[in-house]
Amino acid sequence: MTHLHNNSQLQDFELTRAHPFAPKQLEFIINSTAKWNIAHGSVRSGKTVGTLFRFMEAAFTCPDSQIYMVGHSSETIYGNAIRLLLESEQMAMWRPYCTWQAGKRELKFYDKTIKILGAKDEGAIGQFQGKTMSLVYCDEMTLYPESVIQMIDSRLSNLHSMGFASMNPTYPTHPIKVWIDEAAKGNKDYYSLHFTLDDNPYVDIDYKNRIKNSTSGIFYKRNYLGLWCLAEGAIFDFFDRSLHVVSRPPREADYWIAGIDYGSVNAFACVLIGVSTGIANQLGKQLWVEKEYYWDPKKTGRQKVNSEFADDVVEFLEPYGVKNVYLDPSAEAFSLDLRKRGIHATHANNDVYNGIQAMASDLRNGKVVICANCVNLIREVETYVWDESKAKKGEDAPKKTADHAVDALRYALFTHKVNVYDPYKHKAGHDNWLRDKYTVTR
Ligand SMILES: Nc1ncnc2c1ncn2[C@@H]1O[C@H](COP(=O)(O)OP(=O)(O)OP(=O)(O)O)[C@@H](O)[C@H]1O
Ligand SMILES: [Mg+2]
């Protein structure tokens with residue numbers, strides 16, 4: 001259901017109702033005749049729907065069956081594209097010709113077979129080697145390793161080969177940004193179109209505002225404005241003690257979770273987090289860091305051994321009956337020490353960029369606050385910065401300084417899923433969009 005707020009929006013809507021696409025999507029569908037055709041820009045701006053439709057049109061007229069659809073993983077391509085083909089109104093004209101063969105991970109389309117591939121990691125490159133591709137659709141292409149991007153590019157070797165790609169921007173030296181620059185210089189091999197949220201009349205204003213307000217810094221520039229920019233400066237640039245630090249827990253907890261970042265030479269940190277799901281009071285989820293355990297051998301002048309840390313963690317969490325403990329996935333030996341004491345820790349998801357993004361969104365929205373006694377965590381949040389030297393080499397990573405309590409918090413927040421009561425869910429369909437977008441990679 002589309003919600004309209006003013007006359008100009010109404011006119012836009014009337015314009016687009018005559019056919020099932022937004023003007024920006026039509027522009028892409030009509031003009032994407034180059035070897036590489038790239039839709040890039042803000043999240044939820046209609047890139048996937050536009051590119052996918054154009055790809056199916058190209059597949060319909062393709063003279064052979066060397067046709068591929070690529071996603072970050074083969075599950076994400078199912079969720080983002082195949083499901084659209086099987087369910088959405090915009091793809092209705094192709095649906096009678098589509099049969100999804102889940103076992104083979106193939107889409108029968110008319111008299112052709114479209115194969116599904118995942119590009120998740122370096123090992124995936126073998127799937128692409130040796131293939132000739134006439135047509136390829138690449139969803140979320142900036143999430144692929146650069147070696148896979150180069151490999152796909154080299155597979156488009158037929159005279160009629162074409163690639164269609166949609167993505168959110170990343171850093172400005174990314175190889176796809178180089179293609180976009182080529183398109184801007186007039187190189188006929190490349191066509192690119194920049195999408196912004198306002199180009200999509202099918203998501204309502206409230207939802208657009210919520211996306212706007214949940215992002216900050218680099219995530220705001222990349223996801224909301226759709227710009228290719230460097231990861232630089234403070235990561236939690238919005239952090240304000242008067243808003244994000246509280247003197248006492250804001251609610252009564254439904255349950256507790258904890259996150260642990262293991263360190264022996266560096267600091268060891270454990271944070272205890274209270275979770276209120278909002279199901280009982282319909283207030284939405286609220287989390288808070290209730291207290292921290294922090295052992296920095298450089299300050300205390302003494303290194304502790306695993307069994308001492310495990311005893312400390314048991315004592316620290318003792319009265320709370322914690323539901324889940326999320327542990328640094330590299331701390332294999334320490335997890336055994338915890339297990340001996342009855343704590344079965346979960347290996348945390350260590351996807352740093354997406355973890356920081358989810359954490360920044362929750363902190364900014366006030367869905368996570370920190371109790372004032374967590375002095376080390378607060379200090380780390382305030383001094384957490386992007387590593388500019390890595391950014392220049394094309395890696396989005398935080399500077400490795402004091403990030404122990406912050407990592408412990410990230411492990412817990414990003415890995416744990418809160419079952420929330422969400423009064424807006426029926427309206428936008430994608431409320432928890434950061435999680436929706438990235439949970440599939442876990
Ligand atoms: N032509 C359309 N008609 C109706 N709804 C549409 C249309 N185009 C896009 N939408 C809706 O808008 C939302 C975003 O579209 P889409 O997934 O194509 O955006 P995107 O730019 O690929 O997003 P992301 O960056 O998150 O991958 C979806 O819920 C989709 O169903
Ligand atoms: Mg998309």
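Which helix gives the most to the shell around ligand 1? The legends below, prepared for a predicted model, begin with that site.

**Figure 1. The shell around ligand 1 in the predicted model.** Helix α3, spanning residues 47-61, is the helix in question: with three residues, α3 gives the most to the shell around ligand 1. In total, 21 residues surround the ligand, and the closest are Val43, Lys47, Thr48, Val49 and Tyr202. Sorted by class, the shell consists of ten polar, eight nonpolar and three charged residues.

**Figure 2. Strand β6 and its parallel partners.** Strand β6 covers residues 135-139, and five of its five residues are buried, so β6 is largely enclosed by the rest of the structure. Which residues of β6 point one way, and which the other way? Leu135, Tyr137 and Asp139 point one way from the strand, whereas Val136 and Cys138 point the other way, and all are buried. Strand β2 (residues 67-71) pairs with β6 in the parallel sense over four bridges, and Val70 has Cys138 in β6 as its bridge partner. Strand β7 (residues 162-167) also runs parallel to β6, joined to it by five bridges. Here Tyr137 stands opposite Phe164 in β7.

**Figure 3. The open sheet of seven strands.** The strands follow the order β9-β15-β12-β11-β10-β13-β14, with mixed pairing. Strands β9 (245-246) and β14 (346-347) stand at the edges; each has a single partner strand, so one side of each is left without a neighbour in the sheet. Strands of a sheet pair through backbone hydrogen bonds, either parallel or antiparallel. How do strands β10 and β13 run, and how many bridges join them? Strand β10 (residues 255-261) and strand β13 (residues 324-327) run parallel and are joined by four bridges. Ile260 stands opposite Leu327 in β13.

**Figure 4. Helix α15 across the strands of the sheet.** Helix α15, formed by residues 375-383, lies across β9, β11 (268-276), β12 (286-295) and β15 (368-371). Relative to β12, helix α15 runs at about 105 degrees.

Conventions:
Residues numbered from 1 in each chain as written. Chains lettered and ligands numbered in written order. Predicted model: local features only at pLDDT ≥ 70, side-chain atom pairs only at ≥ 80, totals over all residues. Near = placed C-beta within 6 Å. Helix = DSSP H or I, 4+ residues; strand = E, 2+ residues; numbered from the N terminus. Nonpolar A, V, L, I, M, F, W, Y, C, P; charged D, E, K, R; others polar. Pairing = 2+ DSSP bridges. Contact = placed C-beta atoms within 7 Å. Axes fitted to C-alpha atoms, helices over the stretch in contact; angles between N-to-C directions. Buried ≥ 20, exposed ≤ 12 C-beta atoms within 10 Å, placed from the backbone.
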